[in-house]
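Good morning, everyone, and thank you for making time. Before I say anything, please take a moment with the sequence and the structure on the screen.

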Amino acid sequence: MTAGPAIPTRRVRVIHPGFGATVQDLGRPGHAALGVGRSGAVDRRSLRLANRLVGNREEAAAIEAPLGGLVLDIGHHATIALTGAPCDAHADGRAVDLNAPVRLVPGSRLTIGVPYEGLRVYLAVRGGVDLPPVLGSRSTDTLSGIGPARLSVGDLLPVGDLTAGWPAADFAPQRGLPAEPVLRILPGPRDDWFTPESLAALCARPYGVTDHSDRVGMRLTGPVLHRARAGELPSEAAVPGALQVPPDGQPILFLADHPVTGGYPVIATVHEDDLPLAAQTRPGQALRFRPV
């Protein structure tokens, strides 16, 4: 009789996947020529912090949980850390601190609540989530379908050995998230396709984040950006933070799973250091742009 697959001795079981939780690391850069984007954590700063707090190597994979709602069964003696959007979390009814390493015993039930500000919660487990890498990354790319599927009930996530010593800090206090984030932008590469007044308008008043927003990008609503040139461009490569403007004049802010431009010009690009702020901005919030 053939034995079934071995259950990993160090593992996390998904009891409830929340609102579309995925496995993410720092992504798969270097494959744009193949049409494969970088993907990876939208808030890379929070992912890195979570890995540092549990003593993981920077490239270890963790769980990204938009709007929380995640429930997990911890199957081994584990050290975990929660970062990103602040929320209430509990292990067997005991409150779990954020931005700090927390030790859990086998059989612990970890419940992550809905954030009371911000959007994305990150959960790192010491050793990292050890799913098979695709093109060098364990990240879920929700646009292309590359990498592991979104988490679902009953998934078993093996835990690996991507450690780098024991945690060096017991707590890493973080600033609160701004009610109206200000994102620095660099004009271009296609700002010449727009009137000078449009670039000024982009930074003059806030834009609202619509509910048509996800890991691919954020659709914004606000001052209309008018073209100085008609027609469309050939599809061009883009980077996270690109502000693409379709014909309706309302910009789309590309995030981790973004595509190529699709023929629409990019008026400006958000500074990479400000993308974690964008990653934590909820639908219904407003944000502003500031030129640098």
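Predicted model: local features only at pLDDT ≥ 70, side-chain atom pairs only at ≥ 80, totals over all residues.

Which strands does H1 lie across, and at about what angle does H1 run to S5? H1 lies across S2, S3, strand S5 (78–84) and S10, running at about 155° to S5; here helices (H or I, at least four residues) and strands (E, at least two) are DSSP runs, numbered from the N terminus. For that angle, axes are lines fitted to C-alpha atoms, for helices over the stretch in contact, with angles from 0 to 180 degrees between N-to-C directions, and contact means heavy atoms within 4.5 Å.

Residues are numbered from 1 along each chain as its sequence is written, and side-chain values use heavy atoms, with hydrogens and water left out.

Let me turn to the sheet. Five strands form an open sheet in the order S2-S3-S10-S5-S8, with antiparallel pairing, where two strands pair if DSSP finds at least two bridges between them. Strand S2 (22–24) and strand S8 (102–104) stand at the edges with a single partner strand each, so one side of each has no neighbour in the sheet. From one strand to the next, the twist averages 35°. Between S3 and strand S10 (residues 120–125), which run antiparallel, there are four bridges, and Pro 66 stands opposite Arg 120 in S10.

Now the salt bridges, meaning a side-chain nitrogen of Lys or Arg within 4 Å of a carboxyl oxygen of Asp or Glu. A search of the whole structure finds 14 of them. One of these joins Arg 48 to Glu 58 at 2.9 Å, N to O; because Arg 48 lies in helix H1 (residues 44–54) and Glu 58 in the loop between H1 and strand S3 (62–66), the pair ties together parts ten residues apart in sequence. Arg 48, at 26% relative accessibility, counts as partly exposed, and Glu 58, at 43%, also counts as partly exposed; buried means under 20% relative accessible area, exposed over 50%, and partly exposed in between (1.4 Å probe, protein chains only).

Arg 215 and Asp 257 also meet in a salt bridge, at 2.8 Å, N to O, and both of these residues are buried. Salt bridges that share partners join Glu 64, Arg 120, Arg 215 and Asp 257 into one network.
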